[in-house]
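Have the viewer open and follow along.

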Amino acid sequence: MRYAHEVEKVRAAERALMARLPEGALMRRAAAGLASVCAGLLRSGRAGVTGPGDGVYGAEVVLLVGSGDNGGDALYAGERLARRGARVTAILAGSKTHEGGLAALRSAGGRAVEAGDGDRPVRAIEAADLIIDGMLGIGGRGGLREPYATLAGHASCAIATLVACDLPSGVDADTGVVSGAAVHADVTVTFGTYKPGLFVDPGAEHAGVVELVDIGLGPYLSDPDACLPQAADVDLWTPQAQRESNKYRRGVPGVLAGSETFTGAAVLSVGGAVRGGAGMVRFASARHSVELVRHHWPEAVTSVVEDSLSGVGRVNAWVAGPGMGTDERAETLLGEVLATDLPVLVDADGLTVLTRRRDLLGRSAPTVLTPHAGELARLLGTDADQVEARRLEHVRRAAEELNATVLLKGSTTVIAEADRPVRVNPTGTPRLATAGSGDVLSGLIGAFLAGGAAAIDAAAAGAYLHGLAGRLAAAGPEPGSDAEAPISAQDVVDALPAAFRTLAG
Ligand SMILES: NC(=O)C1=CN([C@@H]2O[C@H](COP(=O)(O)OP(=O)(O)OC[C@H]3O[C@@H](n4cnc5c(N)ncnc54)[C@H](OP(=O)(O)O)[C@@H]3O)[C@@H](O)[C@H]2O)[C@@H](O)CC1
Ligand SMILES: Nc1ncnc2c1ncn2[C@@H]1O[C@H](COP(=O)(O)OP(=O)(O)O)[C@@H](O)[C@H]1O
Ligand SMILES: [K+]
């Protein structure tokens, strides 16, 4: 797991640690880590001069320097690279400049130009092998002001490798929100702990590859605000088939989905549950959906239901909602499911029903809601643009207000439960934005709930494997190829076994 802390907690930890260290020691640690990553990039030939030598000697390095300590870090890192023979130019963009850092750079042979000094800054950026963005770090607020915005644009278009110091300038550290121009980095070197904005789009997408430099903050940091699960975590959360397993012990999800009119969602949701490792899947729906599910998934045990689930048989968890309609019948059946003391996942039409029947969520068993931005907006009485713009804030609010584990789908899937750090899904691809792929996710999480996983673990594992399956389906079987193809929701179902197999590796 990777853990992230909001700015306030980083500042508190920094104060506690600084009280024990000589003046400037923390900045020098950060700068040393930053310089070391940059030297590695230059050495590997990913940036700058190739051929004999260490890649640093003779490399053109440009520093974009803001008025705060982020600029200080960049200047001290520039000093280190200059001492190893790099030609370092600092572009001073702030209303003031970190004096110690600038003096150190100059003493190592580096030079400085003002951001407003004609076309010199642009020429330096165009000639650079590597650029360090030291304009704004955790002190950044709102959209980038000038000249930062223009410099961010030039640097992001340059051929040089662009390394962000702590955070890409223009990305909000706590939320990942970008308002206007922002640095689009290849690599971000972040200090002490990850920041939530590096996990969540659009911030995550601006950060590129993120490297964490340990500066000793660890013991002083309080609880994390967000975390990014890794394969090993997902492997722990997914129920394993044991030697003594049988189909009932592995967990039986019940899927209440589809209707006379809508059948596809039911087939896909059952597909997610079957491929998610359920011992057996029970499926309850209207006759037409039942016929189709039997045809596609003969493994499922099906029941035609009208207005009661009494004949369905025992299940360990329910998935309710995809394609089930929003009429009175749907409301009655959803009410019956939520009245049980079993874990229940509600998706799609089920969420629409909940917008008028919030009272159904007054239960003590685990509930998982899997809305996209539009569905969450309706549940919270706001609009989808607001949710999209501030995903972390809204998913946290939903978890508090709706008494549920809430998984908000979209460009970065985020999962919240009251009093816990938000889990951010690191896998996924925009190619998953295809009709029915959300239905697959609902069945997959339902299989994990039925297998006994805690609600937040089931949701995080489901999002991870679903995202990975989407990527694998889009990439196809050619190893190492960057080529991708559009995918259907059924392709995601079919790629789930391959996604599970990566967990063991
Ligand atoms: N914490 C730690 O553990 C460690 C922290 N370290 C480093 O310190 C960094 C934080 O430094 P920091 O506090 O000086 O803030 P920083 O990001 O440089 O910017 C502040 C300046 O930006 C300005 N400004 C704000 N918004 C703006 C905008 N939109 N557009 C334009 N300008 C804007 C604002 O000006 P104002 O609005 O006040 O006029 C203010 O003057 C941190 O990210 C890390 O790199 C490491 O050295 C060691 C360990
Ligand atoms: N831009 C995107 N990047 C990555 N994943 C996305 C993006 N847009 C949507 N998704 C994913 O695609 C799936 C779509 O689900 P959903 O909105 O419920 O559609 P449907 O109801 O048609 O299945 C979700 O898993 C969501 O996270
Ligand atoms: K920065």
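## Around ligand 1

Please keep in mind that this is a predicted model. Ligand 1 is surrounded by 29 residues, and the closest of them are G68, D69, N70, G137 and G139. By residue class, the shell around ligand 1 holds 12 nonpolar, 10 polar and seven charged residues.

## The annotated binding site

An unreviewed UniProt entry carries the annotation "binding site" for N70, D133 and S169. These residues span 100 residues in sequence, yet no two of their C-alpha atoms are more than 9.6 Å apart, so they gather at one spot. To find D133 in your viewer, look in strand β5 (residues 130-134).

## Helix α2 and what follows

Just after α2 comes G45, with a positive phi of about 80 degrees.

## Around ligand 2

Which residues come nearest to ligand 2? They are H372, K409, L432, A433 and G438, out of the 18 residues around this ligand. Helix α16 (residues 437-450) gives the most to the shell, with four residues. The shell around ligand 2 divides into six nonpolar, 10 polar and two charged residues.

## The sheet and its helix

Now for the sheet: 11 strands form an open sheet with mixed pairing, in the order β1-β9-β18-β17-β16-β15-β14-β13-β10-β11-β12. At the edges stand β1 (2-4) and β12 (301-304); each has a single partner strand, so one side of each is left without a neighbour in the sheet. On average, neighbouring strands are turned by 20 degrees against each other, direction ignored.

Within the sheet, β16 (residues 405-408) and β17 (residues 414-416) run antiparallel and are joined by three bridges. For V406, the bridge partner in β17 is A416. Helix α15 (residues 391-402) packs on the sheet, where it touches β15 (367-369), β16, β17 and β18 (422-424). The direction of α15 makes about 150 degrees with that of β16.

Key. Residues are numbered from 1 along each chain as its sequence is written. Chains are lettered from A and ligands numbered from 1 in the order in which they are written. This is a predicted model: local features need pLDDT of at least 70, side-chain atom pairs count only at pLDDT 80 or more; totals for chains, interfaces and linings use all residues. Helices (H or I, at least four residues) and strands (E, at least two) are DSSP runs, numbered from the N terminus. A residue is near a molecule or strand if its C-beta atom, placed from the backbone, lies within 6 Å of it. Ala, Val, Leu, Ile, Met, Phe, Trp, Tyr, Cys and Pro count as nonpolar, Asp, Glu, Lys and Arg as charged, and the others, Gly among them, as polar. Two strands pair if DSSP finds at least two bridges between them. Axes are lines fitted to C-alpha atoms, for helices over the stretch in contact, and angles run from 0 to 180 degrees between N-to-C directions. Two residues are in contact if their C-beta atoms, placed from the backbone, lie within 7 Å. UniProt positions are given in the numbering used here, feature names are shortened, and annotations may be inferred rather than shown by experiment.
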